[in-house]
Amino acid sequence: MNVIRHTMSLVSLGVFQLGRRTRSQHFRGFLLGTGLGLTAFSSVTYAQAEAQNAKVNRKLDTSRFMAEPITDATVLLGDKANMRHRMELMIMEIQAEFCRALESEEMCGKKFQVDRWQREEGGGGITCVIQDGDVFEKAGVNISVVTGWLPPAAVQQMRSRGKDLTEGVKLPFFASGVSAVIHPRNPHIPTIHFNYRYFEVETPDGKKQWWFGGGTDLTPYYLDEKDARHFHQTLKSACDEHDTTYYPKFKKWCDDYFRIKHRSESRGIGGIFFDDIESPNQEAAFNFVTGCAKAVIPSYMPLVQKHKNREYGNNERQWQLLRRGRYVEFNLIYDRGTKFGLYTPGARYESILMSLPLHARWEYMHEPKATSKEGELMKVLKNPKDWV
């Protein structure tokens with residue numbers, strides 16, 4: 001009897017495994033025809049379990065984000081090929097990874113305040129801010145996923161960059177991106193800014209124009225050439241994975257863009273900056289932007305760890321505040337992203353102006369000595385240099 005049972009078990013197992021491989025209507029008919037009801041039941045049960053697992057696997061694990069996504073999770077998973085959805089998931093991950101990396105450096109255990117907001121005109125965002133931390137005096141990491149109608153000023157700006165957009169008509173747009181500005185307490189830690197974004201505009205004929213933009217740049221208060229080389233080399237490596245012409249082109253673009261023209265000096269020591277990326281195709285452009293966004297942590301966090309416990313005095317603090325004043329001047333006078341945000345109906349000013357430091361200073365006709373460490377930084381800010 002044991003031999004018979006063993007033989008039946010082997011037959012049932014063999015048929016069950018065959019059923020797993022084929023699972024066709026024809027095979028189910030064969031099972032019923034042979035009277036192997038138990039095996040058929042096992043095959044059906046397996047198929048049902050697999051379908052149930054698929055449903056479970058389709059549930060979005062939002063615990064790895066700072067908050068619930070702006071777009072409904074079922075919608076995000078329902079069309080994973082949609083670039084809008086792919087970009088939203090990517091920027092949510094970048095936001096969470098960077099916030100947690102920054103929190104891990106706070107000695108007092110300071111955590112980000114998370115503010116998830118909705119926009120009446122469409123979409124919303126998640127603003128994460130630390131204020132008055134031991135390491136970060138003010139740190140903001142935002143994502144936004146918004147829809148609406150392009151304001152006339154934005155249409156004019158885009159047309160000036162070569163976009164084929166009609167003036168005087170309503171143009172629906174979609175924009176998503178992640179943006180961060182970190183103002184450390186210690187003057188020896190540089191400020192970092194990064195922004196990576198995706199944009200779509202629908203023209204009156206129903207066609208969509210899309211493009212990516214972004215960049216990462218560093219604003220030190222004291223020049224450390226090893227830091228500068230590390231930062232630029234990390235960004236260059238991220239660019240080189242996709243196109244070796246990118247880094248020199250986007251480095252120059254960054255030097256030119258982050259220029260305080262009325263003072264003839266740069267905001268910082270640059271990095272990379274680009275806009276209107278549409279080639280070679282959408283998939284390649286998305287992968288490039290993702291690679292640059294993922295390069296932020298390795299480019300910056302070693303600098304935080306290196307300098308966060310360095311001693312400094314009042315002179316270094318006052319110089320830091322003066323340089324932050326220059327940061328404010330650039331953002332409010334020249335920065336395109338700030339202007340676009342302020343011009344957009346339903347703009348959330350608290351999130352847009354998150355980039356401004358908690359404290360800044362302006363002194364009349366201040367000029368550091370050329371031979372001082374402050375003067376050493378000014379030489380580079382007046383004449384940007386190549387670091388790698």
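Student: What is the accessible surface of the protein chain, and how much belongs to carbon and sulfur atoms?

Tutor: The accessible surface is about 19,300 Å². Carbon and sulfur atoms hold 53% of that. Such areas come from the Shrake-Rupley method with a 1.4 Å probe; for residues, only the protein chains shown count as cover. This is a predicted model: local features need pLDDT of at least 70, side-chain atom pairs count only at pLDDT 80 or more, and totals for chains, interfaces and linings use all residues. Residues are numbered from 1 along each chain as its sequence is written, and side-chain values use heavy atoms, with hydrogens and water left out.

Student: What share of the residues in the protein chain is buried?

Tutor: Of the 388 residues, 49% are buried. The label needs a relative accessible area under 20%; over 50% is exposed, and in between is partly exposed (1.4 Å probe, protein chains only).

Student: Why is Asp-132 called partly exposed?

Tutor: Its relative accessible area is 47%, so Asp-132 counts as partly exposed. Asp-132 sits in the loop between strand S2 (123–131) and strand S3 (136–149). Its phi is positive, about 60 degrees, although Asp-132 is not a glycine.

Student: Which label does Ser-264 get, buried, partly exposed or exposed?

Tutor: At 44% relative accessible area, Ser-264 is partly exposed. Ser-264 lies in the loop between strand S7 (259–260) and strand S8 (265–266). Ser-264 also has a positive phi, about 55 degrees, and is not a glycine.

Student: How many helices and strands are there in the protein chain?

Tutor: There are 14 helices and 9 strands. Both are DSSP runs numbered from the N terminus: helices are H or I, at least four residues, and strands are E, at least two.

Student: What makes H7 oblique to H8?

Tutor: H7 (residues 225–240) and H8 (residues 246–257) pack at about 130 degrees, axes 8 Å apart. Under 35 degrees is roughly parallel, over 145 roughly antiparallel, 65 to 115 roughly perpendicular, and the rest oblique. So H7 is oblique to H8. Axes are lines fitted to C-alpha atoms, for helices over the stretch in contact, and angles run from 0 to 180 degrees between N-to-C directions.

Student: Which residues make the contact?

Tutor: From H7 come His-232, Leu-235, Lys-236, Cys-239 and Asp-240; from H8, Tyr-246, Tyr-247 and Lys-251. Contact means heavy atoms within 4.5 Å.

Student: What makes the Ser-279 to Pro-280 peptide bond cis?

Tutor: Its omega is near 0 degrees. Pro-280 is in the loop between strand S9 (270–277) and helix H9 (282–294).
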